[in-house]
Amino acid sequence: MGDRPTLLDTLAISRVIIDDYTSGYVDEVYVAYTRFVSTMLQTPVIEKLLPIEPPVSSQPKTIDFDYEPTPEDVLGALLPRFVEMEI
């Protein structure tokens, strides 16, 4: 893949991850990599990719929104793109 993979290079990996998660073959997906700090220091990082958990809000919900299309349709379209971009 080289030092700078493109989105097209990683789409096959993303597709395997999405398919395995949606089929129930895996319950969670983590990504492990090294974060470049400097030439002398790279720190190991492990991040949870799936399932995506909503942020915890300290404020109670006071407004109810109506979504069009439905929230399921929006998330169904956006979550695969999110996974592709994270990979």
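Lys 48 touches Glu 28, Val 29, Tyr 30 and Glu 53, when residues up to four places away in sequence are not counted; contact here means heavy atoms within 4.5 Å. The structure is a predicted model, in which local features need pLDDT of at least 70 and side-chain atom pairs count only at pLDDT 80 or more, whereas totals for chains, interfaces and linings use all residues. Residues are numbered from 1 along each chain as its sequence is written, and side-chain values use heavy atoms, with hydrogens and water left out.

Lys 48 belongs to strand E2; helices (H or I, at least four residues) and strands (E, at least two) are DSSP runs, numbered from the N terminus. The relative accessibility of Lys 48 is 34%, and the residue therefore counts as partly exposed. In this classification buried means under 20% relative accessible area, exposed means over 50%, and partly exposed lies in between, with a 1.4 Å probe and protein chains only. Two polar contacts involve the side chain of Lys 48: one of 3.4 Å with the side chain of Glu 28, and one of 2.8 Å with the side chain of Glu 53. A polar contact is a pair of N or O atoms within 3.5 Å; within protein, one must be able to donate a hydrogen and the other to accept it, and residues adjacent in sequence count only if both atoms are side-chain atoms. The C-alpha atoms of Lys 48 and Val 29 are separated by 6.1 Å, the two residues being 19 residues apart along the chain.

Val 29 is also part of the largest nonpolar core, which has 6 residues: Ile 17, Ile 18, Val 29, Leu 49, Leu 50 and Val 83. At least two residues of this core are supplied by each of helix H1 (7-23) and strand E2 (41-50). Such a core is a set of buried Ala, Val, Leu, Ile, Met, Phe, Trp, Tyr and Cys residues joined through side-chain atoms within 4.5 Å. In soluble globular proteins, nonpolar side chains tend to be buried together. Leu 49 touches Val 29, Tyr 30, Val 31, Phe 82, Val 83, Glu 86 and Ile 87, with residues up to four places away in sequence not counted. The peptide bond from Leu 50 to Pro 51 is cis, with omega near -5°, and Pro 51 is placed in the loop between E2 and H2. Most peptide bonds are trans.

Ile 18, another core residue, is found in helix H1 and counts as buried because its relative accessibility is 10%. Beyond four places in sequence, Ile 18 touches Pro 80 and Val 83. The C-alpha atoms of Ile 18 and Pro 80 are separated by 6.9 Å, although the residues are 62 residues apart along the chain.

The axes of H1 and helix H2 (residues 71-86) come within 8 Å and cross at roughly 125°, which makes H1 oblique to H2. To this contact H1 contributes Leu 7, Thr 10, Leu 11, Ser 14, Arg 15, Ile 17 and Ile 18, and H2 contributes Pro 80, Arg 81, Val 83, Glu 84 and Met 85. Axes are lines fitted to C-alpha atoms, for helices over the stretch in contact, and angles run from 0 to 180 degrees between N-to-C directions. Angles under 35 degrees count as roughly parallel, over 145 as roughly antiparallel, 65 to 115 as roughly perpendicular and the rest as oblique.

Ser 14 touches Val 83, Glu 84 and Ile 87, not counting residues up to four places away in sequence. Glu 84, found in helix H2, has a relative accessibility of 11% and therefore also counts as buried. With residues up to four places away in sequence not counted, Glu 84 touches Leu 7, Thr 10, Leu 11, Ser 14 and Arg 15.
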